[in-house]
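Hello,

Here is the structure we spoke about handing over. My notes follow below it.

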Amino acid sequence: MDKIVSLSRRRGFVFPSSEIYGGIGSTYDYGHYGVLMKNNIRSLWFDSMVRERDDIVALDSAIILNPRVWEASGHVAGFTDPLVDCRTCKLRFRADHLADSQCGRRPSKRPGEHTECDLTEARQFNLMFQTQVGALEGEGSLAYLRPETAQGIFVNFKNVLQLARRKPPFGIAQVGKSFRNEITPGNFLFRMREFEQMEMEFFVPPDEADEWFHYWVDARYRWYMDLGLRESHLRKREHDESERSHYSSATTDLEYLYPIGWSELEGVANRGEYDLTQHTQSSGTKLEYVGPEGERYTPHVIEPAVSIDRILLAFLVDGYDEEVVAERQRTVLRLHPRVAPVKAAILPLIGKSDEMVSSARGLYEELRKRHAVEYDDGGAIGRRYRRQDEIGTPFAFTIDEQTLEDSTVTVRDRDSLAQERLPIGGVRAWLDEALERPSKSPKET
Ligand code: ATP
């Protein structure tokens, strides 16, 4: 993990937030390449969930909802972690994670194992951030930052059902920031206090719930495979009854083998009719489907839920590689071309040659209309290649002496380092085609 954190920082993917003030726990800012990569992940998810389907529509609900939403959903009473404090070192631990935590005085021991440890009883701690709405403080103005995007979808169920002219099975997809006052810090982007969730609630007739649950587990697994995640590092894990949330009748996690061990990348849950029933009872508005023949039922809900941050971290871990080429060490991010922040680099071999620069800039202007590409004429060509390798750029087009004679360029492949020559006029079509090709991780052997 240290290598991933250091590369992310060095190459401007992710910075610790408010760093000049000493940072703030479990909160990160994304730099240029991080933003480009997040945009790619978000739109790949949105394309597969909404654009390429007829049965799912989009929504963008507010972050601060009427606080009654969180009472009805069970979050005010139940969205808690059990915590213990140590009166000696003043650190706070999750009671269910003591075995993986370090004593503040003696890090080789677990909390409670050192003679000086003085742990309190476990207390329930609500993970929702509270805020005040309006000018007056007090009970009446209390509100919460949403800890998940799903509830914004449930409370809009009736609007969408009527206006989008849908009938189950149909889904509503939403992407946006969620907030949780997580107590177990560390682990970089895996557990943040502010993260960007992508959730889709799929409403189905009750007797089809099981079938759709399996459909979504498989569909989401395939999505990661198509984006080149290593099969050896992704698995499905069904929750047993004791692990499942109170509302869920079945949950399967897609787990990735992060440096911290197998951990939840995405969760797919069968939430049954729990949410729509709770909001019907609490709001007095009936959230149900009424068919043309008057048949009525409360749809069941299948939910695939994930954060962009955990996906981005999985891709960084999966792609990170070091190798020695021609006696020199190179670090390379073997990202799927569709995930990579920059698709191609355009490099004049000699940065001081006006003719090469002019030809390279012409190609760059053409390609940037369609793709995120980068022009670089500074420093030795080997260093420029290595810079691109570190940010995962799959292709580099180099303009050299021969280009000036026969209008061809070399294309260098990030993974195989193979080079071939192409007519400069064909580069755009070549790149379009290359970005469409299926691609597997060369790390999977
Ligand atoms: P965990 O058990 O790891 O705390 P969870 O079961 O509470 O996760 P869910 O409530 O199911 O997580 O959230 C759905 C998804 O949102 C997760 O699969 C994960 O991708 C993402 N997610 C949840 N909490 C965080 C967080 N603190 N930082 C980054 N992503 C998160």
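Arg361 lies over the face of Tyr375, 4.7 Å from the ring centre; a charge sits over a ring if NZ of Lys or CZ of Arg is within 6 Å of the ring centre and within 35 degrees of the ring normal. Arg310 is placed over the face of Phe190, at 3.7 Å from the ring centre.

This is a predicted model, where local features need pLDDT of at least 70, side-chain atom pairs count only at pLDDT 80 or more, and totals for chains, interfaces and linings use all residues. Residues are numbered from 1 along each chain as its sequence is written, and side-chain values use heavy atoms, with hydrogens and water left out.

Rings of Phe, Tyr and Trp (its six-membered ring) pair if their centres lie within 6.5 Å; planes under 30 degrees apart are stacked, over 60 edge-to-face, the rest tilted. The count is 17 aromatic pairs. One of them, Phe157 with Phe203, is tilted, at 4.8 Å centre to centre and 55° between the planes. Phe157 lies in helix 6 (residues 157–163) and Phe203 in strand 10 (residues 194–204), so the pair ties together parts 46 residues apart in sequence. Helices (H or I, at least four residues) and strands (E, at least two) are DSSP runs, numbered from the N terminus. Both Phe157 and Phe203 are buried (under 20% relative accessible area, with exposed over 50% and partly exposed in between; 1.4 Å probe, protein chains only). Ring pairs link Phe154, Phe157, Phe170 and Phe203 into a cluster.

An open sheet of three strands has the order 5-4-6, with antiparallel pairing (two strands pair if DSSP finds at least two bridges between them). Three bridges join strand 4 (residues 80–85) to strand 5, and Val84 stands opposite Phe93 in strand 5.

Regards
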